[in-house]
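Dear colleague, please find below some numbered remarks to be read beside the sequence and the model.

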Amino acid sequence: MNNCRPLDRSKRTETTRLATAALFLLLTLATASVASDTFTWAHPQPAGNPLNAVAFANDQQGWAVGQTGVVLRTGDGGDSWTLVPNTWQILPDLHDVLALDSLTVVAVGAGAGAYRSTDGGLTWSATPAPHL
């Protein structure tokens, strides 16, 4: 005689849920390991740091600033952006930017607070903040 009894409905449902969860977890882990081999920054390119502000001097020239002192420049109205090299070494987190003209850019953030560039954002120096 067969001593096996069929599982009752609640146990079959629980078993099905556990099997489905295990399969989902397995597929997620497999997909994550494949995806990590081809990782690239998608937004914001070309930097991976969050951006906080954008300013344009005219319809073509603009700057974007963000976390860890990242500064990006555009000369084509924002169609493409170029990372300004080494700004993270001298600038803190930047929160806002103002383009006074095509060469003069002011950014504010942590640290000394205000930073100024007079060469289109290639080099920056701390600007004393006014005392209120």
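1. T104 touches L98, A99, R116, S117 and T118, leaving aside residues up to four places away in sequence. Contact here means heavy atoms within 4.5 Å. The model is predicted: local features need pLDDT of at least 70 and side-chain atom pairs count only at pLDDT 80 or more, while totals for chains, interfaces and linings use all residues. Residues are numbered from 1 along each chain as its sequence is written, and side-chain values use heavy atoms, with hydrogens and water left out.

2. T104 sits in the loop between β5 (94–99) and β6 (105–109). Strands are DSSP runs of E, at least two residues long, numbered from the N terminus. Is T104 buried or exposed? T104 is buried, because its relative accessible area is 11%, and buried means under 20% (exposed is over 50%, partly exposed in between; 1.4 Å probe, protein chains only).

3. T68 belongs to the loop between β2 (62–66) and β3 (71–74). With a relative accessibility of 39%, T68 counts as partly exposed. The phi of T68 is near 55°, a positive value in a residue other than glycine. Most residues other than glycine have a negative phi.

4. β2 and β3 form a hairpin with four residues between them, and T68 lies in the turn. The two strands run antiparallel and are joined by four bridges; strands pair if DSSP finds at least two bridges between them. Within this pair, A64 stands opposite L72 of β3.

5. β3 also runs antiparallel to β4 (residues 82–83), with two bridges joining them. The bridge partner of R73 in β4 is T82.
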